[in-house]
Structures are given as structure tokens and as C-alpha cells.
Amino acid sequence: MTTTSSNPATFGNQMNASGVSDAVFALLDEQGLVLAWTQTAERIVGYSAGDVVGRTAALVLPPFEKVTAMSAFVDRCRARNGWSGTSAARHRDGRVLDVSLRMSMVSGRDGAVRWLASVTDVGVPSGDVTSGSVREALLARAPIGIVVRDLALRCTWANDVMESHDGISRDQRLGCRITDVWAGVEAERIEEVMRQVRQSGTTRVHEYPTWVPATLGHDHPFAVSLSSLQGADGQPLGVCSISVDVTESRRVRGRLAVLGEAGKSLGGTLDVMQTSQQLADLAVPLFADFVTVDLEQSVTLGEGRPLRVGTLGERLPVLRRAGMASIRPGVPESAWERGETVPRPYDAPCFQVLRTGRSYLEPIMDTSPGSWIDQDPALAERIRKNGIHSAMLVPIQAQRQLLGTALFVRTENPMPFQECDLLLAEELVSRAAVSLDNARQYAREQTTALALQCNLLPRRLRGGSAVEAASRYLPADIDRGVGGDWFDVIPLSGARVALVVGDVVGHGIDAAADMGRLRTTVRTLAHMELPPDELLARLDDMVQRLAEEDTDDSDPAATVVGATCLYAVYDPVTRKCTMATAGHLPPAIIDPQGRVAFPDLPTGAPLGIGLGIPFEAVELELPEGSLLALYTDGLVERCAWPRRRRRSRRGSCTR
């Protein structure tokens with residue numbers, strides 16, 4: 001329970017934090033004449049009470065300048081018991097302000113009517129814009145209770161909503177102070193705050209608990225904004241209170257806090273399946289009992305482009321289950337596992353959601369004969385068996401591209417979904433959509449790079465008549481993507497064979513393309529019958545030239561293009577193997593008895609570094625039946641340093 005006072009600099013923030021979104025602006029009669037003014041209104045539009053009271057509200061609200069327009073507006077407000085929307089307000093200095101205005105009807109004795117104008121927002125956002133917009137949209141739907149009191153703090157005007165707040169009827173309330181109709185310490189505290197507001201002419205926000213008989217005694221927290229009403233002479237005429245049940249707004253703020261945390265956790269991976277599962281896990285049990293996330297198959301496979309909103313034909317896109325969560329163990333509500341295709345009937349809401357890009361809310365599931373659910377007996381049975389009674393379907397889209405749908409369901413929670421739940425679901429999905437789109441683009445790039453690398457690597461190794469060659473290729477890990485590792489076996493004259501393994505620095509399409517250029521260059525140099533050390537020297541020169549040609553002078557950091565390479569030539573006649581390395585790991589040699597040895601090779605500098613260190617070759621004699629294993633560093637890093645990121649593992653073996 002708190003009591004806070006406001007000032008021009010902090011009033012809006014305090015009101016939002018307390019859950020009261022409306023600030024008293026003015027009290028009007030049915031002809032639009034201003035009967036009472038507030039300091040809040042003076043701060044917003046610059047007019048004092050003496051400037052406005054007794055004059056038409058059109059002085060401040062330009063849309064009501066015509067009498068006919070004002071009469072039509074009053075009739076419309078009477079028919080709807082109020083009005084809310086955006087409007088224009090004229091500042092005293094001539095500026096026109098955009099405001100969110102609410103007109104509320106209050107009644108007095110003998111059926112007399114007055115109108116209270118309250119301002120929700122004056123176009124000055126504070127805090128998180130996205131969360132703020134959701135919060136304001138939710139609070140704008142909250143019914144507000146209004147009571148206008150005279151200088152003796154007796155009720156003179158009230159609206160019908162107040163009875164639902166404290167159980168006191170308007171007839172009981174009119175002409176009475178709050179302590180006359182509501183006994184207790186809290187009533188005395190509120191009345192004391194009213195006296196302070198009346199004397200100071202300011203606005204204060206007070207929070208208090210109360211209960212309504214219809215709610216069987218359950219406490220409800222309320223926030224009330226108390227404003228001093230002033231006459232033409234600037235003296236107080238009374239006090240106006242606007243009260244709001246902040247139970248739901250507190251719940252909303254709690255959910256928005258979770259959404260804030262969601263923004264941090266949802267961007268932590270570039271895997272669409274993992275991100276989808278995170279989305280489902282966040283929503284359960286935050287506001288749903290069962291959630292599924294189904295993605296268009298191009299998103300899960302990293303191939304092609306997803307469909308755009310509004311381009312669907314008569315057939316639905318293929319959706320695959322990417323994430324699901326339930327308050328029940330084993331997720332019994334789902335008939336499909338992650339990764340499986342999820343069929344949807346043509347007349348299901350999913351089709352309209354994907355076609356229009358708009359969410360679908362079904363507070364009470366319709367399983368009656370003839371409904372779309374009734375057309376699928378298996379689905380209808382699953383809904384009845386699991387107690388599914390309320391659902392929301394939200395499209396997952398980014399940049400007008402359809403990524404999939406997220407289904408939110410309630411089973412054990414008896415409350416049906418409402419518009420506020422849909423707003424929160426859309427906010428959560430929109431944050432997840434950004435991460436999913438990033439992951440989709442990354443997956444697509446890695447798929448392209450992997451296909452390029454596979455096409456650039458040898459499809460079959462030929463070691464000639466004296467050497468048996470075999471290879472094992474494993475794609476790069478998900479975290480870092482496809483690398484630039486390659487291997488080759490090149491037949492030479494005199495039954496000799498060249499064995500090559502290399503690793504280009506970097507990942508993705510660029511690394512795969514660089515790998516293809518290096519492999520082609522090595523094959524060209526190998527047919528020139530160059531010894532290993534000279535071949536690596538020429539290859540090093542070529543890499544440096546490519547780096548200079550491809551480098552943007554404005555980006556000096558991009559001038560270094562590195563690669564490691566091991567080049568060996570085996571002569572089956574002499575059983576001599578000559579090899580040299582440019583920063584690459586030495587091969588493993590397994591003799592016919594199964595003993596393993598690693599030759600002591602001069603390491604040499606990686607290609608393209610430009611250190612000017614000459615490469616050195618080493619000649620070894622391999623017994624007949626020996627096994628020579630060439631590999632990249634990812635193979636040994638996985639074994640020796642398990643906490644480091646694993647890179648792609650390539651290898652070739654010759655016997």
C-alpha cells in the first residue's frame with residue numbers, strides 16, 4: 001500500500017507504474033462547457049482554470065468547435081456509455097498535440113449527467129516502447145470507476161463501474177462521504193489523501209485493497225488517481241477519483257517481465273529447432289498449458305525461401321513440428337513428434353492465419369457438428385480427451401515472410417483466452433520470429449556452403465596401382481558452420497602419388513570457395529612435378545597474391561588470408577615418402593605391426609601469412625603395408641580439448 005504525489009516531470013511514469021492509465025483532464029456538461037479544470041490539464045495544454053472554466057471545450061479540443069459536431073458526439077457517447085480514442089488538443093502556444101482521450105459519463109441525482117474527460121497518453125513514450133505499447137493497450141480495456149466529490153468530500157457524481165469495484169450502489173453513494181458507506185481504516189486513509197489533494201490542488205495516486213461481495217470475499221488491489229477540481233477562480237471545487245482494478249495489470253507486468261527475459265534467451269542460438277523449443281518452453285506455463293511451434297519446411301531444412309504473406313494458393317505449405325511443451329509429462333496433446341510433418345485440414349484456421357498473417361483467437365473451442373474440428377474425427381477426439389477448451393494461433397513472420405505458426409492451448413486452466421493473452425502471445429512470437437529468421441538465414445547459408453564444399457571435394461580417390469586410398473568426411477559443427485578443410489589424392493608419373501590435406505581459415509561460403517581455389521592450384525602445381533617444399537612455397541605466393549587482390553584497402557583487418565596444408569609424395573618403387581607442412585599437423589604413420597608414430601616435421605608458417613620462412617621437406621621410408629593417415633585439427637581438438645569448439649573433421653588414409 002503506497003501513497004505517492006505527482007509533479008510535472010514524473011506524473012506519467014508514476015501513473016503507469018501504479019496501473020492507473022488515466023489522468024483527470026476536465027469535467028464537462030452535456031453542452032460541452034467546462035465546469036471544472038485540473039492542474040494536470042494545465043500542464044498538458046498550458047491553459048489555467050481561469051482561461052477555460054465556463055467556456056466551451058472546443059477551445060482546447062478543435063474537433064468539437066462546431067455545435068452540431070458536439071451534439072452528435074454527446075449522442076454517440078450516451079449510446080455507448082462513453083467514448084475513447086485519439087484526438088487533437090490545442091496548446092496555449094498554438095501547438096496541436098496528439099492525445100488519447102477517454103470520455104466517461106457520470107450520473108448524479110435525478111438522472112443528471114456530466115462528462116469526465118481523462119487523458120491516457122500525451123504522446124511521450126517512456127521505458128521500453130514495445131512493452132509499453134502492449135501494457136497501454138491492455139490497460140485501455142480496463143473499466144475505470146469514477147467518483148466526483150464536493151468540497152465536503154460528499155459524492156455528487158459517479159459512474160456505474162464503481163459499484164463493481166466496491167459493491168456500493170450509486171444511490172447509496174450519492175451525497176455521502178466514503179467513510180459513511182465504507183467503514184474501516186482504509187476508507188479513512190483514502191479520505192485523508194483526498195483532503196491533501198483538495199488543499200494542495202495536485203494529483204496523487206493511492207493503492208488500496210478491497211473486496212466485492214460478489215467475489216466471495218477475495219481481495220482485489222485497486223489504484224486510484226485523486227485530482228483536485230478547480231473553478232474559474234482557481235479555487236478547489238472538489239475532488240475527482242479514477243480507480244482501476246490493477247489485478248490484471250500486475251499480472252500483465254509480470255508477464256512482460258518474462259517477455260523481457262525471453263528477448264535475452266531466444267537469441268542465444270542459431271538453430272531453428274532449438275529456438276522453437278525455447279519459444280514453447282517460455283509460454284508454458286506462463287499463460288498456456290500446451291504449445292506447439294510448427295515451421296514451414298524450408299525454414300527447418302535451410303533450403304529455399306519461405307512463402308510471403310498473401311501468396312498462398314489452394315494448398316497449405318508443408319509445416320514441420322519444431323517445438324512443443326505441455327504442463328503434462330510426455331506432451332500427450334500432440335500426435336506428432338518434433339521434426340515430423342504436421343497435416344492440417346484445408347478449412348482449419350491455420351490456412352487463414354498463414355494467408356492473411358493475422359492471429360486467430362477461439363476463446364471457446366467449437367466442437368459442435370459441422371465445425372472445422374468436427375470434420376476431423378481424430379482431432380476432435382484428441383481435443384475432448386485432453387480437455388482442450390481454448391486456443392490461439394499466431395503466425396510466425398519476419399519481413400512479410402511466413403516462417404510458421406505457434407499454437408497456444410489451455411486444458412487445465414479453466415479461464416478462456418482473452419484479447420490480452422493474444423497480445424502477449426503475439427509479443428512473444430514476434431521476438432522469437434527475429435531469432436528464427438536469423439537462424440533460418442544462417443542455416444540456408446550453411447546448407448549452400450556445405451553443398452559447395454561437397455561439390456569441390458573429390459568424389460572418388462584414385463591412388464594408382466600401388467596405393468589404396470580412402471577418406472572420411474564429416475561436416476562442420478552447427479555452432480561455427482562449414483569450414484574450408486579439403487583433401488586430395490593426385491596420381492603422378494612413375495606410379496607416384498601426391499597426398500594433400502589442408503584447412504582454410506574461416507567458415508561458410510567464402511571458406512569453401514577459397515578451399516576450391518587452393519585445391520585446384522595444388523593439383524596444377526603437382527603436375528609440374530615440384531618437390532613438396534617448393535610446391536608449398538609457390539602455393540604460399542599464390543595465397544598472398546589472392547589476399548592482396550581480394551582485400552579492400554579500407555579494411556586492413558581483412559588482408560590476412562591463412563590456410564594450413566600438408567603435401568606428401570609417395571614413391572611405391574623406393575617406398576620413399578617426401579612431405580612438407582605449412583602449419584598443418586603431421587600425419588599418423590601406422591606400421592604393419594600396428595605401431596603408431598608421428599614424424600617430426602618442420603612445422604612451417606601457414607600459407608598467406610607472409611613471414612618469409614622457407615618450407616622444409618622430410619623424406620621417410622615406409623615399410624610395405626604401412627598406413628598413412630592425414631587429418632585436420634578438428635579431429636584431435638575434439639579428443640584433447642573437449643571444451644573447445646569442434647571444427648569440421650576431414651581425413652584421408654593411404655595404405
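Which residues are exposed on the other side of helix H14? They are Pro 377, Ala 378 and Lys 385, where exposed means over 50% relative accessible area, buried under 20% and partly exposed in between, computed with a 1.4 Å probe and protein chains only. The model is predicted, so that local features need pLDDT of at least 70 and side-chain atom pairs count only at pLDDT 80 or more, while totals for chains, interfaces and linings use all residues. Residues are numbered from 1 along each chain as its sequence is written, and side-chain values use heavy atoms, with hydrogens and water left out.

Helices (H or I, at least four residues) and strands (E, at least two) are DSSP runs, numbered from the N terminus. In helix H14, which spans residues 377-386, the buried residues are Leu 379, Ala 380, Arg 382, Ile 383 and Asn 386. Just after H14 comes Gly 387, with a positive phi of about 70°.

Helix H9 (residues 185-200) has 16 residues and reaches 23 Å from its first C-alpha to its last, close to the 22 Å expected at 1.5 Å a residue, the expected span being 1.5 Å times one less than the number of residues. Buried in H9 are Glu 186, Ala 187, Ile 190, Glu 191, Val 193, Met 194, Val 197 and Arg 198. Seen down the axis of H9, the buried residues fall within an arc of 155°, so they line one face of the helix. The face turned away from that buried side carries the exposed residues Val 185, Glu 188 and Gln 199. H9 is followed by Gly 201, whose phi is positive, near 75°.

## Salt bridges

Side chains of opposite charge can pair when their charged atoms come close. Here a salt bridge is a side-chain nitrogen of Lys or Arg within 4 Å of a carboxyl oxygen of Asp or Glu, and the structure holds 20 salt bridges. Three of them are set out below.

| Arg 92 | Asp 51 | 2.6 Å |

Arg 92 counts as partly exposed at 49% relative accessibility, whereas Asp 51 counts as buried at 19%.

Arg 410 in strand S16 (residues 401-410) and Asp 421 in helix H15 (residues 419-456) tie together parts that are 11 residues apart in sequence. Arg 410 is buried, at 4% relative accessibility, and Asp 421 is buried with a relative accessible area of 4%.

Arg 538 and Glu 534 both lie in helix H17 (residues 532-550), 4 residues apart, about one turn of the helix. Arg 538 counts as partly exposed at 37% relative accessibility, and Glu 534 counts as partly exposed at 33%. Elsewhere, salt bridges that share partners join Arg 177, Glu 191, Glu 192 and Arg 195 into one network.

## An aromatic pair

A search of the whole structure finds 2 aromatic pairs, for which rings of Phe, Tyr and Trp (its six-membered ring) must have centres within 6.5 Å, with planes under 30 degrees apart counted as stacked, over 60 as edge-to-face and the rest as tilted. In one of these, the rings of Phe 25 and Trp 37 have centres 5.3 Å apart and planes at 65°, so the pair is edge-to-face. The pair links distant parts of the chain, with Phe 25 in strand S2 (residues 23-28) and Trp 37 in strand S3 (residues 34-37), 12 residues apart. Both Phe 25 and Trp 37 are buried.

## Backbone details

Most residues other than glycine have a negative phi, and most peptide bonds are trans. Val 331, in the loop between strand S13 (319-326) and helix H13 (349-356), has a positive phi near 50° and counts as buried at 16% relative accessibility. Arg 575, in the loop between strand S20 (563-571) and strand S21 (576-582), has a positive phi near 55° and is partly exposed, with a relative accessible area of 32%. The peptide bond from Val 284 to Pro 285 is cis, with omega near 0°, and Pro 285 lies in the loop between helix H11 (272-283) and strand S12 (290-296).

Technical notes
Arc of directions from axis to C-beta.
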